[in-house]
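This report covers the ligand surroundings and the salt bridges of one structure.

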Amino acid sequence: MGTHDLGDYSRCMDERYAVLDDAAGLARGYLDSLPSRRVGPSADLEELRSRLRRALTDGGEDPRSVIADLARDVEPGLVASAGPRYFGFVIGGTLPVALAADWLTSAWDQNAGGYVAAPAVSIAEEVAAGWVCELLGLPAGCGVGFVTGCQMAHFTCLAAARHAVLRDAGWDVEARGLQGAPELVVFAGEQVHVTVTVACRMLGIDTERIRSVPADGQGRMRADELERALRGHDGPAIVCAQAGEVNTGAFDPLADVVAACRERGAWCHVDGAFGLWAAVSPTRRPLLAGFERADSWATDGHKWLNVPYDCGIAVVADRSAHRAAMTSTSAYIPEHDDDVPWGLDWTPELSRRARGIPLYAAVRSLGRRGLADMVDRCCDLAARIADRLAEADGVEVLNDVVLNQVLVRFGGDDGVTTAVIDRVQAQGTCWLSGSTFRGQAVVRISVVGWQTTPADIDRSADAILAALAAERAARAAR
Ligand SMILES: *Cc1c(COP(=O)(O)O)cnc(C)c1O
């Protein structure tokens, strides 16, 4: 072994297969461990720093030992979020077919920014984009951009929105920016996701220009309040609605929201990071009624579609607004029509990985029914854990479980609720995250992983209830 010599080409060639085989074996070992390993990490920050911090060498190190060390060093700090009992935030796993396609995407190493640099993957992404619109029931011919996540999908969609509403007001925002522009206002529900606010900020739409529209007890924007707010403003306007509120999973009344936008000539954007996928399920699709008449939609592949990070999707009905807001032109970028897929026309990035490829593979392998089953299964499992927990004394489920999100509170008390979360994480059977809802501490359970089974839900419910019992016993003994 020893350091590798870049001059020795044939040795590099031999080694590269050895190191790839090593990585495949290590990945397999990790994936095999997912159903049984402790869900949270076991090492703390200090330990992880001391494991991973190495002195940089002058001569480099042998690739196989770098990979072996790396896998060993990160092991105690990995979170089994790809496994079956991780319910924190809204984090999906990775379907094997999507992981396999992701490996190939890295091996091919195509720059999906431009058709000339990456013809085959550009076409595969074009096909995947068409499938996404077809599956969700969005209009054919939308602009679609594969971005890093829903945050950047909002940025992309809202850049198109900013272009269109200012164009309609006679202002070219790409040429003139926002200084001196007609005042542009964004209306968003009270429970708007922070990524919408950040996207606005990056687009020069400051927080004072974001008007908060009151929501109901489940976090749904009230359509009557939106109508009233829109009546009070007569410049360019963008409305940000939600399909799947991050705590409750609730849907804004999208048909009424879209109607209010149409009436007023406002752009309607939908944040459907996970909730948009309810559209693939015949039983859940009614939650989205009317959403297909909006102007733009932001969603994630890396949450409910169970493709690896990173994969967000920006969809815009007005292709020309989308392209005008995103395209890059330069002497070295060949002129091309809309008909030839150039990634850089639809995303903020110039160079990027072909992140639509894992999505292509996942969608093709699941088919319409497989995808609907995955969504329905997660919703059913969320209802199952809600029922299991609600049966117990001192447990309150605070939301209407309409999708995959469950909000729970223990003992009617913030301290008990957060202590139960800590005990559950320390014990390791499952992982939960906390949040606040209507000013109270809550546990937020999100079921989006393809691997979760009813048995995982039952084991997790038992672990959570045992943590509650232990917390109560500890309090009684004080
Ligand atoms: C997760 C989430 C986002 C942000 O998505 P990223 O992929 O993390 O950028 C936005 N909105 C909602 C409702 C979400 O759940």
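## Ligand site and salt bridges

An N or O atom in the side chain of K303 lies 2.9 Å from an oxygen atom of the ligand; a polar contact is a pair of N or O atoms within 3.5 Å. The protein buries 84% of the 380 Å² that the ligand exposes when taken alone (Shrake-Rupley method, 1.4 Å probe). This is a predicted model, in which local features need pLDDT of at least 70 and side-chain atom pairs pLDDT 80 or more, while totals for chains, interfaces and linings use all residues. Residues are numbered from 1 along each chain as its sequence is written, and side-chain values use heavy atoms, without hydrogens and water.

The ligand is surrounded by 14 residues, each with a heavy atom within 4 Å of it. The side chain of D271 places an N or O atom 2.9 Å from a ligand nitrogen, and a backbone N or O atom of Q151 is 2.8 Å from a ligand oxygen.

The whole structure holds 36 salt bridges (a side-chain nitrogen of Lys or Arg within 4 Å of a carboxyl oxygen of Asp or Glu). Three of them are listed here.

| Pair | Closest N and O atoms |
|---|---|
| R54 and D69 | 3.6 Å |
| R85 and D456 | 2.9 Å |

R85 and D456 are both buried (under 20% relative accessible area; exposed is over 50%, partly exposed in between; 1.4 Å probe, protein chains only). D69 is buried at 18%, whereas R54 is partly exposed at 47%. R54 and D69 also belong to a salt-bridge network with R72 and D73.

How values were computed: Polar contact = N/O pair within 3.5 Å; in protein donor to acceptor, adjacent residues only side chain to side chain.
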